[in-house]
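Here are my notes on this one, as promised. Have the viewer open while you go through them.

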Amino acid sequence: MSRSFFGIASVIAGLTLLSKALGFGRELVIAGIFGADVAKDAYTAAYIIPSFALIMLGGLTGPFHTATQRVLATLREGGAHDEAPSVLGAVAVWVTIVMGLLATGCYVLAPLLIGAVASQASPEMSALAVQQLRIMSPLVLLGGWIGVLCGISNDQHDFARPALSPLVASVVIIVAILMQPSPLVLAYGTLLGGIGQVLLQTPAAFMFWRETKISLSKLPYRHPAVRSVWTILLPACISSGVGTLSVIIGTNFASALAPGSISVFDFANKLIQLPLGILMTALLIPIFPLLTKAVVKQDDTELGLRLSQGLSTIAIATFPLTAIFVVSGYPLVRVIFERGAFDRMDTHATALILGILAAGIAAYAARDLIVRVFYAHNDGRTPLFVSAASLTLTAGGMAAVVKPFGLPGLAAISVAVTFFNCMILIWLLRRKFGNWRLPGLTRNVGWSFLAALIAGSVTHATMSSAAWENTIFDCWKILTLQVSTLLLLYGGVLHLAGIPALQTLRLRLTEVSREKLARWRQ
């Protein structure tokens, strides 16, 4: 059982990493063809709502996926697994009706929706975004289908197809725009990618329903399991929607700035989210059961220890990442993005926003960990209310800075709100669930910050940036040298400080490596 579990986890982790890498490759292709200009601005604005349905709601671990798995597990535990095909049939019909109506509304109301997302955009960008949104509006329906089908696939122990789903979408988009590089083909490629995700899951659906004769008029639409789907979906969709509203607010203010501003912010954010997403997945998956176990046992000492370990690991991993983005942001952006339509001005603008957004990486990661502690206490409302309240701060702060400071001001407000959100959650956590000790946390965080500051400052002061404007190969050399030097200095300072968390992390990595080597030899 253990080897089976680790085998499944390894497959999922490997395919997820591959999907993320290819998704980032898709962004590189888009950057090279469209650059940071009106076409990419329009696509970014138009894709916000379809991506919410496709990724946030219908993606792996999204509300539709989770609700489907929950229904199937409940029926199985209740000895009614034979009812699953008809129950899921009813669920699929309801999902088709509700999400189909929303998709239709998205098509019909596209001008109003783009007006809300990018109210101050130029007429050219608004018209293009409306066309793109109408093309991609069926993704709202497809997102619901994909979530249900992924849940069915997992129930049949098919874990590869759902993990491959985003990869298929990225491949289709890349092929489409390489064949015909136009803004509308970018939207059509995204739609075809969603259709490809549905088709990938159809074998599992066929196996699930193949021996069941389903009459739409006789499906159990009022079955308790069907009703339970909506009790799971509605709160989860509202919670997921708060994050999308924050994106809409930022996009709306950025639409008042120069063409390309929305794209620059999006490119910088994706550079941060790639390593951060991998880090948080690696950290949160193993630590959440430990937090939950400590909560169930009502062991405040254990909870404080686990939380301290998690926050210490976040500090050790994210502070040098921030230093790299600040010190080496320009050569990094140039090496990754600068080609084709993405020119030197786009590089300068993206590197500046990247450096500002990097300041919030630690707070962003810590906030996600703190939220898991609330979830372990079966409290999902408090993080939701804090996130909702932060929308007001985001809107007010961006309104105050957009004219005098432009896009850098919007990025700074985004970072400030993230810090505020994190601090409020920590305060509420200690106030609500106890003032437990966090052993070693202050020392670990303090030394990690100091080490990153020293490493970043020394690297910046001792390495000339004169060659940045030369060839891409020169940039590669500078980037490699800067990152290597910074990480060596950072690790050296922590080693001299004798940080226990660093020693624990190194021992754990060594242990994991030995376990993998032993399994490979077997």
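**Notes on cores and surface**

1. Start with the largest nonpolar core: among its 133 residues, Leu88, Met125, Ile272, Phe325, Phe337, Leu354 and Leu410 touch the most other members. Helix H16 (residues 381-433) supplies the largest share of this core, 16 residues. A core here is a set of buried Ala, Val, Leu, Ile, Met, Phe, Trp, Tyr and Cys residues joined through side-chain atoms within 4.5 Å; buried is under 20% relative accessible area, exposed over 50%, partly exposed in between (1.4 Å probe, protein chains only).

2. Keep in mind that this is a predicted model: local features need pLDDT of at least 70, side-chain atom pairs pLDDT 80 or more, while totals for chains, interfaces and linings use all residues. Numbering runs from 1 along each chain as its sequence is written, and side-chain values use heavy atoms, with hydrogens and water left out.

3. Ile272 touches Phe325, Leu354, Leu357, Ala358 and Ile361, leaving aside residues up to four places away in sequence (contact: heavy atoms within 4.5 Å). There is also a second, separate core of 16 residues, including Ala323 and Ile499.

4. Overall, the protein has 19 helices and zero strands (DSSP runs numbered from the N terminus: H or I, at least four residues, for helices; E, at least two, for strands). Of its 522 residues, 49% count as buried.

5. Val458 lies in H17 and counts as partly exposed because its relative accessibility is 35%.
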